[in-house]
Amino acid sequence: MDIKRLLHHILVSNAGPTAYLTPFHEMPLTDQPFLDPVLYRNGMARYAGHVQVVTTEFEGVSRGVTVTAACSVSDNPPSVLVCLNGSNANNAVFGKSGVFALNSLAAHHQPLAMAFAGLSGVPLGERFLLGDWVRLVTGAPVLADAVVGFDCRLTDIKQVSTHFVMFGEVKAIHFGPEAPSLIYLDRGFHTL
Ligand SMILES: Cc1cc2nc3c(=O)[nH]c(=O)nc-3n(C[C@H](O)[C@H](O)[C@H](O)COP(=O)(O)O)c2cc1C
């Protein structure tokens with residue numbers, strides 16, 4: 001529930017001033033049905049995101065996915081979150097390994113980003129050949145020349161509609177060479 005809906009609940013629905021004590025999920029939905037997903041995606045197209053590849057390895061098989069839905073959660077303890085599509089069976093390996101690395105990409109990594117998004121026809125088994133990878137603490141593959149790589153232990157997973165949100169505690173950080181960042185905006189790649 002957003003703040004507008006909360007205020008509507010308190011001010012308009014006669015819920016009274018103690019309504020803020022009611023857990024959000026128990027409040028009646030007095031609003032319209034869901035916003036049109038196409039409209040939402042058009043809005044998100046104007047939201048710039050740093051392109052990253054989240055990686056893991058389990059029983060000798062490496063998995064990487066290009067993402068923009070990832071961010072910092074806290075610096076104490078250092079932690080991040082990543083949202084992954086739950087309908088892609090290949091993503092289940094993240095829950096099994098219990099570790100992941102979040103690799104922030106530089107401008108020259110666009111072919112890597114395309115490959116790990118499945119957009120350039122590179123087979124799953126050949127994608128990791130496009131970069132050099134190092135291991136830090138958890139054993140998840142960290143891109144050697146990433147702008148920065150966060151090596152994480154999985155601490156929690158929450159299922160939220162179509163996606164699962166992975167929370168990770170950062171166990172080590174890898175600083176690659178400084179370079180312009182790869183950004184996704186207006187449905188295309190940009191450099192910052
Ligand atoms: C710029 C960009 C950002 C993306 N962000 C996400 C994301 O945050 N979460 C996600 O699950 N998929 C995201 N995707 C889609 C996945 O990269 C893609 O569906 C997946 O890697 C393809 O599946 P495959 O690896 O099984 O071929 C993004 C794709 C692109 C090009």
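User: Which residues in the largest nonpolar core touch the most other members?

Analyst: Of its 32 residues, those touching the most other members are Val53, Val54, Val82, Phe100, Leu102, Leu105 and Cys152. Such a core is a set of buried Ala, Val, Leu, Ile, Met, Phe, Trp, Tyr and Cys residues joined through C-beta atoms within 7 Å, where buried means that 20 or more other C-beta atoms lie within 10 Å of the residue's own, while 12 or fewer make it exposed and anything in between partly exposed, with C-beta atoms placed from the backbone. This is a predicted model, in which local features need pLDDT of at least 70, side-chain atom pairs count only at pLDDT 80 or more, and totals for chains, interfaces and linings use all residues. Residues are numbered from 1 along each chain as its sequence is written.

User: And what does Val54 touch?

Analyst: Leaving out residues up to four places away in sequence, Val54 touches Gly64, Val65, Val67, Ala70, Val82, Phe100 and Leu102, contact meaning C-beta atoms, placed from the backbone, within 7 Å.

User: Why is strand S6 largely enclosed?

Analyst: Strand S6 (residues 99-104) is largely enclosed by the rest of the structure because five of its six residues are buried; strands (E, at least two residues) are DSSP runs, numbered from the N terminus, as are helices (H or I, at least four).

User: Which residue is opposite Phe100?

Analyst: Phe100 stands opposite Cys152 in S9, and six bridges join S6 to strand S9 (residues 148-160) in an antiparallel arrangement, pairing needing at least two DSSP bridges.

User: How many bridges join S2 to S6?

Analyst: Four bridges join strand S2 (residues 52-58) to S6, again antiparallel, with Thr55 opposite Ala101.

How values were computed. Two residues are in contact if their C-beta atoms, placed from the backbone, lie within 7 Å.
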